[in-house]
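Me: Got a fold open on my screen. Can you walk me through a few parts of it?

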Amino acid sequence: MLREAIYHRPKNNWAFAYDAAHIYLRIRTKRGDVTSVTAVYGDKYAWEQTVQHSEMRVFASDELFDYWETVVKPPFRRLRYAFELTDTEGTVAYMTEQSFLTEEPKDSLSFFDFPYINPIDLFQPPAWVKDAVFYQIFPERFASGDPSLTPANAEPWGNEPTPSNFFGGDLQGVIDHLDYLNELGINAIYFTPVFQAPSNHKYDTTDYMKVDPSFGTNDKLKELVEACHSRGIRVLLDAVFNHAGGTFPPFLDLLKYGSESQYADWFHVREWPISVSEEGIPSYETFAFVASMPKLNTEHPDVKRYLLEVAQYWIEEIGIDGWRLDVANEVDHAFWREFRQTVKSVNPDAYILGEIWHDSLMWLQGDQFDAVMNYPFTNAVLDFCSYGKLDAKQFADAIGSQLAAYPLQVTETAFNLLDSHDTPRLLTISDEDERRMKLAALFQLTFPGVPCIYYGDEVGLTGGGDPGCRKCMEWDEEKQNRDLFSFYQSLIAMRMEHAALRGTGFTFLSAETGSKLLAYERQEGAERFVIVLNASEEAASFTLPAAGTGARWAEQRSEGAQLNSNGTIALDAYSYAILRELV
């Protein structure tokens, strides 16, 4: 037993309360080294009367480790616990907080301690998010519904996008196409910024309290939100609180009055007078080195007060259902804690989503965000399905590592995207091979978490990185890829219909080194699915598992795959099959 590989900590993703009654315990061991783990647990004030044993299971694995898990119900919301481990040679060891022992201790004084489940400390993201399928809209490029708002310099709809051109998309255009979103099966929208700003992307805010005039008015946004709500669609707006724009009035005042400006401390100025060097580096902090995006000092009480009023206004007055937070990892944690308190005091069901591209545990402990944009998931799926960089085992290892990295609540509401306004489009990433694109989308729509579709992917829009990924939406059905639309529509409907495809019951059935065949099980209660993907240019086959006296399987949807009478699935290159157990 390699003790150096064994790890547990009584906090974060290793020991967490899921609700007011249940605690999840997890422990890490070297992959393949340990054959069984049992949690020994009880109440610290009544140990002998309450001590129990709970067998743990391997719920995830990566290249180096197995991750074991069990869920227990403390008799009095307190928990003291240790782990009994048995390795492949039959050696038994007990892991306590202080040491490894060869025999189970008679008392629990040296055990790990989960002091108490305090309800106020529970991390409980909004329940509605677990059933959401998001659709990301870049407002300037989705649809034009009010030509009177179209900028005078706008180009004809569908021309080639550039970093600075306009086409006239607006909020009325979204309202006009809500039937389309309902038809697709969407029940949540994430909008990139809609506030007044000079650019087409609006990440350089001028006025945080005003909808950009080229999009409409605050009243028009309220009309849009109400129309969405009447159709069962939630609305998420984008907040750029890390930085403002070069036309933000306090920054203009700073440019005019320099260090004497009443807003001098609203920003991070390194050197007066402010300037930009020949190398393009401003003498004040910015987003990246973009001079027109000055970084806000969110520690300043006036800045904090202003931004928290913004956060409250759009939820309270306009009725939005939450915020996506741009460049969230560069804003101080103290601000985000106050932000959460402000938002949740107005609407406890508001969804707070941070843009973070890396490990995000520090922001996901119940005091800041409900979720982050899950780019590690994005990268793993694309590397397996679209780029072909990973074999099945490497992909399963990457997914296993992610599942082990966060508490269950985080997995349930993780924002799982495959592309966005910041990346090349999924079809382009897939080398315009629809089969590979479908494999990526299939995994996304049958995996725990919250899937998000970037507008137009479902009808075959292509495009490289910015600005290519920001094309105008194609509304001519003769130019749309209706096969792709039907694919997305049917998978979304299937996800909505079956709790097993939305829940967290997830197990890999086949993920071998050197293979591109991937099979996994999704289970919730008595409902059970097996999904098989062949991400290879070569044909492959997979034998379905039997349960009890023999499971019977029915194809829910497949492309390039055939279920044979002997329980074997034959798969062509880049094909898939979704099968449901008949009970």
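Me: How many bridges pair S1 and strand S2?
Reply: Three bridges. This is a predicted model, by the way. S1 and S2, which covers residues 23-30, run in the antiparallel sense.

Me: Which residue is the bridge partner of Phe16 in S2?
Reply: Tyr24 is the partner of Phe16.

Me: What is the strand order in the open sheet?
Reply: The order is S1-S2-S6-S5. That makes four strands, with antiparallel pairing.

Me: Which are the edge strands?
Reply: S1 (15-17) and S5 (57-61). Each of them pairs on one side only.

Me: And how are neighbouring strands turned against each other on average?
Reply: By 30°, with direction ignored.

Me: Which strands does helix H10 lie across?
Reply: H10, residues 392-405, lies across S2, S5 and S6. S6 spans 65-72. The helix runs at about 120° to S5.

Me: Switching to helices. At what angle do H9 and H13 pack?
Reply: About 145°, and their axes are 9 Å apart. H9 is residues 375-386 and H13 is residues 434-445.

Me: Is the crossing left-handed or right-handed?
Reply: Right-handed, as H9 passes H13.

Me: Which residues make the contact?
Reply: From H9, Phe377, Val381, Cys385 and Ser386. From H13, Arg436, Leu439, Ala440, Phe443 and Gln444.

Me: How many of those are nonpolar, polar and charged?
Reply: The contact of H9 with H13 has six nonpolar, two polar and one charged residues.

Notes
Residues numbered from 1 in each chain as written. Predicted model: local features only at pLDDT ≥ 70, side-chain atom pairs only at ≥ 80, totals over all residues. Heavy atoms only, no water. Axes fitted to C-alpha atoms, helices over the stretch in contact; angles between N-to-C directions. Helix = DSSP H or I, 4+ residues; strand = E, 2+ residues; numbered from the N terminus. Left-handed = near helix turned anticlockwise from the far one by under 90°. Contact = heavy atoms within 4.5 Å. Nonpolar A, V, L, I, M, F, W, Y, C, P; charged D, E, K, R; others polar. Pairing = 2+ DSSP bridges.
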